[in-house]
Amino acid sequence: MASTKKSRTKGFPLEKSDLLDMYRQMYLIREFENSSAEQYAMGKIAGFLHLYIGEEAIAVGSIKAIEERDHVLGHYRDHGYALALGLDPGEVMAELFGKKTGVTGGRGGSMHLADASKNFWGGFAIVSGHLLPSVGLAYASKYMNEDRVVLCYFGDGATNAGAFHEAMNMAAVWELPIIFYCENNLYGMGTAVEHVSAVQEMAKKALAYDMPSMQIDGQNVIEVYEKTKEAVEHCRSGKGPMFIEALTYRFRGHSMADPEQYREREEVEQYRAYDPIPLFRDRLLEEKVVTEDELEEIHKAVNEQVKAAVKFADESENPPLETLADFVYADPITVR
Ligand SMILES: Cc1ncc(C[n+]2csc(CCOP(=O)(O)OP(=O)(O)O)c2C)c(N)n1
Ligand SMILES: [Mg+2]
C-alpha cells in the first residue's frame, strides 16, 4: 500500500519514504528468515519451515501495489506476505514457535500464517488448495460490489494441479477481480519445472483461458510494483482476472529438511547475482535516493526488531493443554 501523495522520486514510480519502506521490508523478511533458520536448528520450531529467501521482492513489490481492503492468499512459503502486510514480527515468530501469542495462537505454525484484520487468509499447506477459495473471494467481491482485488500467490508446481485449471476457468468465465500470481522459482520441491510442466513459461497457461498475462522480473522490486499496479487497475476496472508469472529463484532448500541433491551449488551461486536486496540497494545508491548511512540505520533497526521478535517468542507461553481441542469442529472425544 503506497503513500497517496503525488510526489515521486526521480527515476522511480514512488516517493522516497515508500522506497525505503520497501527496502526495509525486504531486509526484514531476509533477516527474520535467517533468524528463523537458526531457531529451527536449535529445535525451537517444529514441523516444516519453508524460506522465501531470494523471492522477497515479489511479496514486497506486489503488496505495495494493493489497497488495505484487498484480499491476500498464498501458499506455505508465507512469511514474506505476512511481514509485507505488516503483521508483527514478534507474533509471527511466536507462531513459528507454536506459542500462545502467535498470529493464530500457535495452532498453525509457519505454513498457516493469517490475519483476518488484514484480509490475509493464509498460508495454505496444500499445493493449489487456496486457488478455489481465492476465486470465491473474488466472486464475493464482484457480487457484492466491494471493489476488492484478490492477490493469490502460488508456485510453478501448483499450475499442474487440477484446482489451478478449475480456478483459472471460473475466474475467466465470471470475469473476476483476481490476480493469479505465479512465483516461478524453477522447482517444486526437488523437481525441476522442465520435468513436470509441458510448457516452461507459466504465463502461457493463461492463454488456454483467454486470460491476459505478464511475465515479469521477480527480482526487481520496482518492476514487480509497477506491473502489479497495472494488473490491479485492470482488475478494478472490471476487465476480469490477470495472470502474472514472476521469474524468481529460491536460494535455500525447499524446506529446512532439503539436502538439495537435485541442483548444483554453482547454479545457486549464479542466481545469487540476482539477489533482489543488493540489486535494489545498489539502484537506490546509484540514483542517490539514499546514503550508506541511511541504509545502515535501517539494517540496525531491523536487526533489533528481529532480536526482539525472538525474545518475545522465547518468553511467550505455550497454549494451555486444556485448550488443545479449541477450534476443532468435531468433538475429538466422541469421534471414532
Ligand atoms: C496437494 C499436494 N501435493 C503435494 C504436496 C507436497 N508438496 C509440498 S510443496 C510442493 C512443491 C510445490 O512447488 P511450487 O508450487 O513450485 O512452490 P515452491 O515450493 O517452489 O514455492 C509439494 C509437491 C502438497 N503439499 N500438496
Ligand atoms: Mg516452485
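Me: Let's start with helix packing. Is the crossing of α1 and α2 left-handed or right-handed?

Reply: Bear in mind that this is a predicted model. Handedness tells you which way one helix is turned relative to the other, and for α1 and α2 the crossing is right-handed. The axes of α1 (residues 16-41) and α2 come within 9 Å and cross at roughly 145°.

Me: Which residues of α1 and α2 make the contact?

Reply: On the α1 side you have M22, Q25, M26, I29 and R30, and α2 brings E56, A57 and V60. Sorted by class, this contact has five nonpolar, one polar and two charged residues.

Me: Now α2 and α8. At what angle do their axes cross?

Reply: Helix α2 (residues 56-63) and helix α8 (residues 221-236) have axes that cross at roughly 40° and come within 7 Å. Angles under 35 degrees would count as roughly parallel, so α2 is oblique to α8. The crossing of α2 and α8 is right-handed.

Me: And what makes up the contact of α2 with α8?

Reply: A57, I58, V60, G61 and S62 come from α2, while V221, I222, V224, Y225 and T228 come from α8. The residues of this contact include seven nonpolar and three polar, with no charged ones.

Me: I'd like to zoom in on V221. Is V221 buried or exposed?

Reply: For burial, you count the C-beta atoms around a residue, and 20 or more within 10 Å makes it buried. V221 has 27 other C-beta atoms within 10 Å, so V221 is buried. This residue lies in helix α8.

Me: Which residues does V221 touch, leaving out those up to four places away in sequence?

Reply: V221 touches M22, M26, A57, V60, G61, P276 and F280. Two of these, M22 and M26, also take part in the α1 contact with α2.

Me: How do I read the pair α4 and α11? Where do these helices lie in the chain?

Reply: Helix α4 covers residues 89-96 and helix α11 covers residues 292-315; their axes come within 8 Å and cross at roughly 45°. α4 and α11 are therefore oblique to each other, and their crossing is right-handed. The contact is formed by P89, G90, M93 and A94 of α4 with Q305, V306, A308, A309, V310, F312 and A313 of α11. By class, the contact of α4 with α11 holds nine nonpolar and two polar residues, and no charged ones.

Me: On to the strands. What surrounds C152?

Reply: Begin with its place in the fold: C152 is found in strand β3. C152 is buried, because 27 other C-beta atoms lie within 10 Å. Not counting residues up to four places away in sequence, C152 touches L73, H130, L131, S134, I178, I179, F180 and Y181. As for Y27, it is 125 residues away from C152 along the chain, and their C-alpha atoms are separated by 23 Å.

Me: Which strands each supply at least two residues of the shell around ligand 1?

Reply: Those are β3 (150-155) and β5 (187-188). A ligand shell can be read by who comes nearest and by class. Of the 15 residues around ligand 1, the nearest are V127, G155, D156, G157 and G188. The shell divides into seven nonpolar, five polar and three charged residues.

Definitions and conventions:
Residues numbered from 1 in each chain as written. Chains lettered and ligands numbered in written order. Predicted model: local features only at pLDDT ≥ 70, side-chain atom pairs only at ≥ 80, totals over all residues. Near = placed C-beta within 6 Å. Helix = DSSP H or I, 4+ residues; strand = E, 2+ residues; numbered from the N terminus. Nonpolar A, V, L, I, M, F, W, Y, C, P; charged D, E, K, R; others polar. Buried ≥ 20, exposed ≤ 12 C-beta atoms within 10 Å, placed from the backbone. Contact = placed C-beta atoms within 7 Å. Axes fitted to C-alpha atoms, helices over the stretch in contact; angles between N-to-C directions. Parallel < 35°, antiparallel > 145°, perpendicular 65-115°, else oblique. Left-handed = near helix turned anticlockwise from the far one by under 90°.
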